[in-house]
Amino acid sequence: TWMTKILNSLLHEFNDEGKLIPEVVDKRSEIPNRLGQTYPEGTYPTRQEHEQDSLGIFTRVPNGKGKEAHAIIFGNFVLEDLVGQPHPRIFATHLFGREFLPRKLFDDEGTEGTGKLIVVARNLKDAMCSLHNFRGLPQDGWIGNEHGPGTFARYVMLNGKCPNAFGSAFEWLKQSNDAVLSIGNKRALVVYYESLILDFSGQLQRINDFLELGTLTDAKARAIEEACALKSMQSAEGGARYKWTTRKGGIGKWTN
């Protein structure tokens, strides 16, 4: 979510004077990923399938509020909307590995790949702590009880046995590393969450250079840093979506 906000700010929303571009801001609500992220794996392919709830996704939420909850978290968008984004397009996902990433990212049978990949990595111990606390504490606690094996045991399960959303963090890291190496450093970049926390301006410059956006002015950089602060994201337009999907993550919380 944070990286999506950073990329939108760099690519679409702020000019060199650090001012929001009015015509872009006016259309935020009409474009996926502009007010919170929209996962391809969290949307229906077409508007018709979305309205019909053809897979019964919305009916799985109690009290008949499935469609409303989905709109709050991901926006009321479908895959067609993601594909139709203004260029340069942004696709954010928790899925990983060559099987689930856009095929055109990779070289294939003499055809050079296109597009760029940014992977955001974090200390896996801190990531486990965030998962444990995100959206409320699990009933089985850290080490397990009658309700289940516990956060730690689930987190370290391998070989496709991890029941956590999007699977094993260790498999994610391995396959993301493989994808970065396959694509190469001209079109793939790894950004560390800790580095963003400790040196946001330096990492913003690094992302800007990777995207070949030209000179990043001080005014634009300052405006983006302010807009991408957690409090700013949660209090500005679209704040309701950010409150559902973001929380203040620290560094070294696993030691507590």
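**Entry 1: H10 against H11**

I am working with a predicted model. H10 covers residues 200-210 and H11 covers residues 218-227. Their axes come within 10 Å and cross at roughly 115°. That angle makes H10 roughly perpendicular to H11, since 65 to 115 degrees counts as such.

Next I asked which residues make this contact. On the H10 side I noted Phe200, Ser201 and Leu204. On the H11 side I noted Ala221, Ile224 and Glu225. I then sorted the contact of H10 with H11 by class: four residues are nonpolar, one is polar and one is charged.

**Entry 2: H1 against H11**

I stayed with H11 and turned to helix H1, residues 2-13. The axes of H1 and H11 are 10 Å apart, and the two helices pack at an angle of about 150°. Are they roughly parallel or roughly antiparallel? H1 and H11 are roughly antiparallel, because the cut-off for that is over 145 degrees. H1 also passes H11 in a right-handed crossing.

H1 brings Lys5, Ser9 and Leu10. H11 brings Lys220, Ile224 and Ala227. By class, I wrote down three nonpolar, one polar and two charged residues for the contact of H1 with H11. I marked Ile224 in my notes: this residue of H11 takes part in the contact with H10 and in the contact with H1.

**Entry 3: Val120**

I moved to a strand. Val120 lies in S1, which runs over residues 117-121. Is Val120 buried, partly exposed or exposed? Its relative accessibility is 33%, so Val120 counts as partly exposed. Buried would need under 20%, and exposed over 50%.

What does Val120 touch, leaving aside neighbours within four places in sequence? I found Met3, Trp172, Val191 and Tyr193. I also checked Val120 against Gly167. They are 47 residues apart in sequence, and their C-alpha atoms are 16 Å apart in space.

**Entry 4: the whole chain**

Last, I stepped back. I counted 13 helices and two strands in the chain. The radius of gyration is 19 Å, close to the 18 Å that the globule rule gives for 256 residues, so the chain is as compact as a globular protein of that length. Along its principal axes, the C-alpha trace spans about 60 × 45 × 40 Å.

I noted that 39% of the 256 residues count as buried. I also looked at contacts with a separation of 6 or more: residues 24 or more positions apart account for 66% of them.

Technical notes. Residues are numbered from 1 along each chain as its sequence is written. This is a predicted model: local features need pLDDT of at least 70, side-chain atom pairs count only at pLDDT 80 or more; totals for chains, interfaces and linings use all residues. Side-chain values use heavy atoms; hydrogens and water are left out. Axes are lines fitted to C-alpha atoms, for helices over the stretch in contact, and angles run from 0 to 180 degrees between N-to-C directions. Helices (H or I, at least four residues) and strands (E, at least two) are DSSP runs, numbered from the N terminus. Angles under 35 degrees count as roughly parallel, over 145 as roughly antiparallel, 65 to 115 as roughly perpendicular and the rest as oblique. Contact means heavy atoms within 4.5 Å. Ala, Val, Leu, Ile, Met, Phe, Trp, Tyr, Cys and Pro count as nonpolar, Asp, Glu, Lys and Arg as charged, and the others, Gly among them, as polar. The radius of gyration is taken over C-alpha atoms; the globule rule is 2.2 Å times the number of residues to the power 0.38. Buried means under 20% relative accessible area, exposed over 50%, partly exposed in between (1.4 Å probe, protein chains only). A crossing is left-handed if the near helix is turned anticlockwise from the far one by less than a right angle, and right-handed if clockwise.
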